[in-house]
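User: I have a model open and would like to go through its contacts and its fold. Could we begin with the charged pairs?

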Amino acid sequence: MTKRALITGITGQDGSYLAEYLLELGYEVFGLIRRSSVGPNFSNIKHIIDDLNLLDGDMTDADSLRRAVHDSNPNEVYNLAAQSFVPMSWTSPSYTNNVNFGGFIYLLEAVKVYNAVQRFTGDKGSKVYQASTSEMFGNTGVLEGDLRTNSISLNEDSLMRPRSPYGLSKLASHRLAQIYRESFGMFVCSGICFNHESPRRGEMFVTRKITKAVAAIHLGKQDKLVLGDIHARRDWGFAGDYIRAMWLMLQQSSPHDYVIGTGVTHSVEDVVVEAFKAAASLAGGNLSTPWYDYIKKDKKYIRPAEIFTLRADAIKARERLRWRPTVSFEALIHMMVKHDLEQEGVI
């Protein structure tokens, strides 16, 4: 029997990669699409859109989520929809919480009711994946001394002290997943994913902002790259790797939460340096001055409460899921710069 999956946030970076992967595995894939005055952005899924079943819905509308679960009749539900731009969570904390936490309540309730009905037919109902985030840890991984480089790896049991409304909304949802798992016996897993990027990452996120700007600078179309704290360190991986881990979590016999990451950190400055290297190798030629001459710092891009370092301890995922990342940091940045140069028509 063909398995069915419902993906919220299917037009986003993770949702589009997951949809591709599930189609390759023979799934029937349903995706929740939020209608707006300007219409949904299908750029990430336009190449597979004819193979998808798209459903109208909104994470802040409980009725639409109930309809989506009923109409898709899913074996697996992947909740990837979120207000995930951390800076926006300070300017719109209520909206961030309504989407990220309130929407997850609506979705869990919809699945809980659906599963109760399915039990009468002998069906096991739906398994649920919740997209958690390393932002929930805050600065737990920072040790005394050099706040930017002296850190420890973070696992599923590490203390969580978020430092943004986004991180707090995600922590609330993370705990809610555990409550529904323990209280109602639902198969709910949370993937605590550390930073993962790709050419499909939104242009407001720092990695894509960097690769797009570096491509433009290399072509003489932009003068400066404006950034905030270039010393903040993150554990960056490739989104296409991380969606495999999401799928693997729901193939297990029992539900668990898993940290997903590479275990290696790089600074924002490292991203910039690697991006300039990639642009030079891909497009040819050299810039007239060093990379740092093109960087301008602006305090408005510094968070009210910064997280200095995040590094994953993904031993549990490696041992239980047999999951490992396949794309290195250097290859990831090279991939993103290549995409942005292709968008400029250079290569």
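User: How many salt bridges does a search of the whole structure find?

Analyst: The search finds 12 salt bridges, a salt bridge being a side-chain nitrogen of Lys or Arg within 4 Å of a carboxyl oxygen of Asp or Glu. This is a predicted model, in which local features need pLDDT of at least 70 and side-chain atom pairs count only at pLDDT 80 or more, while totals for chains, interfaces and linings use all residues. Residues are numbered from 1 along each chain as its sequence is written, and side-chain values use heavy atoms, with hydrogens and water left out.

User: Which residue meets K112 in a salt bridge?

Analyst: The partner of K112 is E109, at 3.2 Å from N to O. Both residues lie in helix α4 (residues 93-119), three residues apart, about one turn of the helix. Helices here are DSSP runs of H or I with at least four residues, strands are E runs of at least two, and both are numbered from the N terminus.

User: What about E135, which residue does its side chain meet in a salt bridge?

Analyst: The side chain of E135 meets that of R303, at 3.1 Å from N to O. This pair links distant parts of the chain, 168 residues apart: E135 is in the loop between β5 (127-133) and α5 (165-184), and R303 is in the loop between β13 (295-297) and α9 (315-321). E135 is buried because its relative accessible area is 5%, and R303 is buried because its value is 19%.

User: Which residues does V86 touch, leaving out those up to four places away in sequence?

Analyst: V86 touches E135, S164, Y166 and R303, where contact means heavy atoms within 4.5 Å. V86 lies in helix α3 (residues 86-91) and, at 7% relative accessibility, counts as buried. The C-alpha atoms of V86 and Y166 are separated by 5.8 Å, although the two residues are 80 apart along the chain.

User: One more pair, please. What is the N to O distance between R201 and E197?

Analyst: Their side chains meet in a salt bridge at 2.8 Å. Both R201 and E197 are buried.

User: Turning to the sheet, what is the strand order?

Analyst: Seven strands form an open sheet in the order β3-β2-β1-β4-β5-β6-β11, with parallel pairing. Two strands pair if DSSP finds at least two bridges between them. The edge strands are β3 and β11 (258-260), each of which pairs on one side only. Neighbouring strands are turned by 25 degrees against each other on average, direction ignored. Axes are lines fitted to C-alpha atoms, for helices over the stretch in contact, and angles run from 0 to 180 degrees between N-to-C directions.

User: How many residues of β2 are buried?

Analyst: Five of the six residues of β2 (residues 28-33) are buried, so the strand is largely enclosed by the rest of the structure. Five bridges join β2 to β1 (residues 4-8) in parallel, with L6 opposite F30 in β2. Four bridges join β2 to β3 (residues 53-56), also in parallel, and G31 stands opposite L54 in β3.

User: Where does α1 lie?

Analyst: Helix α1 lies across β1, β2 and β4 and runs at about 170 degrees to β1.

User: And the pairing of β4, how many bridges does it have with β5?

Analyst: β4 (residues 76-79) pairs with β5 in the parallel sense over four bridges. The bridge partner of E76 is K127 in β5.

User: Finally, how many residues of α6 are buried?

Analyst: The helix is mostly covered, with 10 of its 13 residues buried; among them are R208, I210 and H218. The buried residues pack against β7 (196-197), β8 (225-227), α8 (268-283) and α10 (329-343). Just after α6, G220 takes a positive phi of about 75 degrees.

Note on methods:
Buried means under 20% relative accessible area, exposed over 50%, partly exposed in between (1.4 Å probe, protein chains only).
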